[in-house]
Amino acid sequence: QCNQAKTNYAYKALSNIFTQIMNILKVNNITIPALWQTMISYIFPLLADNSDNIHQQETLMQDPKFNLTMVEECLCGILGKLLMQRKVVLFVDDIQWMDKQSLAVLYQVLQMYKQRLLCIAACHSEYSAQIEKNMYSFERNEMIEKILVERFTKEETFEFTQYNISAKQLT
């Protein structure tokens, strides 16, 4: 769930997603490199292990070699660990509020794992011009398919909830 308050905070839109990913990895005993753990703990403090050293995090983030590309690679790598184990459907509500850094991660992950990741994103029609600008590179590389869905009536909402998508349609 993205919202307007998250627009100005790097990676904030991915916080809930990575909380879920880290829980799944932990339950399945899938480990990530210590550097990734340090980095993700800094970006998403709620994901910090009790053993994470705050001084170590600060030192890493102040290192001149640290940059946004490193963060993107780390986040893509963590999601990649999950995608190597199973296919994933990622739903992003109100994508028009997603910050640029989160969009960059989404772009990289879709490029790297498009066969194992289905991303469904929703956007209000009044923000279509804004989202068109942000999604240009996704479209140019044929990474998205746009489907215009008007607001549902109460009856259409009920019908939609009764419809089941089979696993065969998703693969």
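A residue is called buried here when its relative accessible area is under 20%, exposed when that area is over 50%, and partly exposed in between, with a 1.4 Å probe and protein chains only. The model is predicted, so local features need pLDDT of at least 70 and side-chain atom pairs count only at pLDDT 80 or more, while totals for chains, interfaces and linings use all residues. Residues are numbered from 1 along each chain as its sequence is written, and side-chain values use heavy atoms, with hydrogens and water left out.

**View 1. The whole protein chain and its order of elements.** Buried residues account for 34% of the 171 residues in the protein chain. The protein chain contains 9 helices and 2 strands, where helices (H or I, at least four residues) and strands (E, at least two) are DSSP runs numbered from the N terminus. Read from the N terminus on, the elements follow the order α-α-α-α-β-α-β-α-α-α-α. Of the contacts between residues at least 6 apart in sequence, 75% join residues at least 24 apart, a contact being heavy atoms within 4.5 Å.

**View 2. The paired strands E1 and E2.** Strand E1 (residues 88-92) and strand E2 (residues 117-121) run parallel and are joined by 5 bridges; two strands pair if DSSP finds at least two bridges between them. The chain passes from E1 through H5 to E2 in a right-handed β-α-β crossover, meaning that, with the strands pointing away from the viewer, the path from the first strand over the helix to the second runs clockwise. Val 88 stands opposite Leu 117 in E2, and Phe 91 has Ile 120 of E2 as its bridge partner. Val 88, Leu 90 and Val 92 form the covered face of E1, whereas Val 89 and Phe 91 form the uncovered one.

View 3. On a 1 Å grid over the protein atoms alone, a cavity is a set of points where a 1.4 Å probe fits but cannot get out, a pocket is an open set with protein on both sides within 12 Å along at least five of seven lines, and lining residues have an atom within 4 Å of a point. The structure holds 1 cavity of 30 Å³ or more, and the largest cavity contains about 50 Å³ of space, a volume being the space filled by probe spheres set on grid points that are joined across faces, edges and corners. Its lining consists of Leu 14, Ile 17, Phe 18, Leu 79, Leu 90, Val 105, Leu 106 and Val 109. Helix H1 (15-27) and helix H5 (100-113) each supply at least two of the lining residues, and H5 provides the largest share, with 3 residues.

**View 4. The second largest pocket.** This pocket holds about 330 Å³ of space, and of the 15 residues that line it, Met 22, Lys 26, Gln 37, Leu 47 and Asp 49 are the closest to its centre. H1 and helix H2 (34-43) are the elements that give two or more residues to this lining, with H1 giving the most, 5 residues.

**View 5. Trp 36 and its contacts.** Trp 36 lies in helix H2 and, leaving aside residues up to four places away in sequence, touches Cys 74, Gly 77, Ile 78 and Lys 81. Trp 36 and Cys 74 are 38 residues apart in sequence, yet 5.7 Å apart in space, C-alpha to C-alpha.
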